[in-house]
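I open these entries with the structure itself and then record what I looked up in it.

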Amino acid sequence: MIEVQDLDVRFGAVHAVRGVSFAIAAGESFGLVGESGSGKSTVLRALAGLIPGWTGAMSLQGRALGPKRDRTFFRSVQMVFQDPYGSLHPRQTVDRILAEPLAIHGLDGAEARIRRALEEVSLSPIVRFRYPHQLSGGQRQRVAIARALIADPSVLLLDEPTSALDVSVQAEVLNLLADLRAARQLTCILVSHNLAVVAHLCERLAVMQQGKVVEALDVAALRAGQAQHPHTRDLIALSRDLDG
Ligand SMILES: Nc1ncnc2c1ncn2[C@@H]1O[C@H](COP(=O)(O)OP(=O)(O)OP(=O)(O)O)[C@@H](O)[C@H]1O
């Protein structure tokens, strides 16, 4: 459903992504894991159409993705960022934040859709008339997830969606994402420096180091101790508990 072939990204002298390839089936959840600066966010952003100047080939449902994406792409592929504070407009209420994608995509029934979206992320309707600064970090990330889902995408790109949250809230948001993924049969790509987070949400993962994929394997194989590459083993040692 998603194919990335020989993706290469340079930022001036920085060769951030070097010939990355992977393929993901519809409904699959795939993790990109690696230490800071390994290029995983750049892969996700290139796929999302947020980075110009990449080379290689990318496709979604068999259709090649060019440098520019159309409205259909932005309806079916949604991104959730690490910092919900930065990604939610500070002067818009939750109601307006959630109504905006509906207006962009010309979708009717805003009232019912907003109610349903808030229910899905377990937020009380009371938050509808609050601004982002009046919410907790976990509530803000739930609003960002609701906004991503409100126009019914088929693909969710998650860039460190829990790492800006308090430890107590991280597991809640991760479990919410796992439930939503199953209920909506979403295809997900999750970027994280934390192997435990990836193992919790994904079936398969690729380990990145210095812009390259050094190992790709099933989470089941990872749990069974079958990781081969020394860098994967280093990341395992850093992750305290693979069950998240
Ligand atoms: N817009 C940019 N301009 C210049 N260099 C960039 C840009 N974005 C990323 N880079 C560089 O590209 C490399 C890969 O960055 P990237 O953010 O993809 O890594 P990452 O693995 O996601 O790391 P982190 O977990 O810290 O976000 C880094 O050296 C980074 O400094």
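I note for the record entry that UniProt positions are given in the numbering used here, that feature names are shortened, and that annotations may be inferred rather than shown by experiment. UniProt, in an unreviewed entry, places the feature "domain: ABC transporter" at residues 2-235. I worked on a predicted model, in which local features need pLDDT of at least 70 and side-chain atom pairs count only at pLDDT 80 or more, while totals for chains, interfaces and linings use all residues. Residues are numbered from 1 along each chain as its sequence is written.

I looked up the extent of the annotated span. The end C-alpha atoms of residues 2-235 lie 26 Å apart, and the span is 38% helix and 27% strand. Helices (H or I, at least four residues) and strands (E, at least two) are DSSP runs, numbered from the N terminus.

**First sheet.** I found four strands in an open sheet, ordered β2-β1-β4-β5, with antiparallel pairing. The edges are held by β2 (14-24) and β5 (63-64); each has a single partner strand, so one side of each is left without a neighbour in the sheet. I took two strands as paired if DSSP finds at least two bridges between them. Strand β4 (residues 55-60) pairs with β5 in the antiparallel sense over two bridges. Ser59 has Ala64 in β5 as its bridge partner. Helix α1 (residues 40-47) packs on this sheet, touching β1 (2-11), β2 and β4, and its direction makes about 115° with that of β1. Contact here requires C-beta atoms, placed from the backbone, within 7 Å. Axes are lines fitted to C-alpha atoms, for helices over the stretch in contact, and angles run from 0 to 180 degrees between N-to-C directions.

I found six strands in an open sheet of mixed pairing, in the order β6-β7-β8-β3-β9-β10. The edge strands β6 (77-80) and β10 (212-218) each pair on one side only. Neighbouring strands of this sheet are turned by 15° against each other on average, direction ignored. Strand β3 (residues 29-34) pairs with strand β8 (residues 187-192) in the parallel sense over five bridges. Leu32 has Val191 in β8 as its bridge partner.

**Ligand shell.** Which residues are around the ligand? I listed Phe11, Val14, Ala16, Gly34, Ser36, Gly37, Ser38, Gly39, Lys40, Ser41, Thr42 and His193. The shell divides into three nonpolar, eight polar and one charged. Ala, Val, Leu, Ile, Met, Phe, Trp, Tyr, Cys and Pro count as nonpolar, Asp, Glu, Lys and Arg as charged, and the others, Gly among them, as polar.

**Burial of α1.** I recorded eight of the eight residues of α1 as buried, among them Lys40, Ser41 and Thr42. Buried means 20 or more other C-beta atoms within 10 Å of a residue's own, exposed 12 or fewer, and partly exposed in between, with C-beta atoms placed from the backbone. Just after α1, Gly49 takes a positive phi of about 85°.

**Positive phi outside glycine.** Gln61, in the loop between β4 and β5, has a positive phi of about 50°. Gln61 is exposed, with 12 other C-beta atoms within 10 Å. Asp152, in the loop between α6 (137-149) and β7 (155-159), has a positive phi of about 55°. Asp152 counts as partly exposed, with 13 C-beta neighbours inside 10 Å.

Notes: Contact = placed C-beta atoms within 7 Å. Near = placed C-beta within 6 Å.
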